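Have it open while you read.

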Amino acid sequence: MSPLTEAWQTSSRMNLLILKELKNEDLQHSLSTRGGRTIGDQLLHIHKTRMQWLEFADKNLYAEIKKNE
């Protein structure tokens with residue numbers, strides 16, 4: 001397994017652990033005092049960024065995931 005794949009799997013595993021523990025109301029919280037992103041907004045940003053990279057790297061896999069969203 002490549003170091004990049006290993007890093008992605010570790011990151012994904014940690015994100016899933018975090019999501020499992022969050023309640024819906026937790027997603028609306030923000031530590032920002034200047035109107036920054038909520039936890040939900042930050043997670044959505046991560047997802048959108050990953051999808052942009054996936055579209056660039058593997059259009060077929062991107063299309064399959066988008067179809068199932």
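1. Ground rules before anything else. This is a predicted model, where local features need pLDDT of at least 70, side-chain atom pairs count only at pLDDT 80 or more, and totals for chains, interfaces and linings use all residues. Residues are numbered from 1 along each chain as its sequence is written, and side-chain values use heavy atoms, with hydrogens and water left out.

2. Start with helix 2 (residues 39–57) and helix 3 (residues 59–68), which pack at an angle of about 135° with their axes 6 Å apart. Helices here are DSSP runs (H or I, at least four residues), numbered from the N terminus. The axes are lines fitted to C-alpha atoms over the stretch in contact, and angles run from 0 to 180 degrees between N-to-C directions. The pair is therefore oblique (under 35 degrees is roughly parallel, over 145 roughly antiparallel, 65 to 115 roughly perpendicular, and the rest oblique).

3. Who makes that contact (heavy atoms within 4.5 Å)? Helix 2 brings Met-51, Leu-54, Glu-55 and Ala-57, while helix 3 brings Lys-59, Leu-61, Tyr-62, Ile-65 and Lys-66. By class, the contact residues of helix 2 with helix 3 are six nonpolar, no polar and three charged. For the classes, Ala, Val, Leu, Ile, Met, Phe, Trp, Tyr, Cys and Pro count as nonpolar, Asp, Glu, Lys and Arg as charged, and the others, Gly among them, as polar.

4. Now look at the largest pocket, with a volume of about 620 Å³. A pocket is an open set of points on a 1 Å grid over the protein atoms alone, where a 1.4 Å probe fits, with protein on both sides within 12 Å along at least five of seven lines; lining residues have an atom within 4 Å of a point. The volume is the space filled by probe spheres set on the points.

5. Of the 15 lining residues, Trp-8, Ser-12, Ile-46, Arg-50 and Met-51 are the closest to the centre of the largest pocket. Helix 1 (3–21), helix 2 and helix 3 each supply at least two residues of the lining, and helix 1 gives the most, with seven. The lining has ten nonpolar, four polar and one charged residues.

6. Met-14 is partly exposed at 39% relative accessibility, and so is Gln-9 at 34% (buried is under 20%, exposed over 50%, partly exposed in between, with a 1.4 Å probe and protein chains only). C-alpha to C-alpha, Met-14 is 18 Å from Asp-41, and Gln-9 is 16 Å from Trp-53.

7. Last, Gly-40 in helix 2 is partly exposed at 23%, and its C-alpha atom is 13 Å from that of Lys-20, 20 residues apart along the chain.

Definitions and conventions: Contact means heavy atoms within 4.5 Å.
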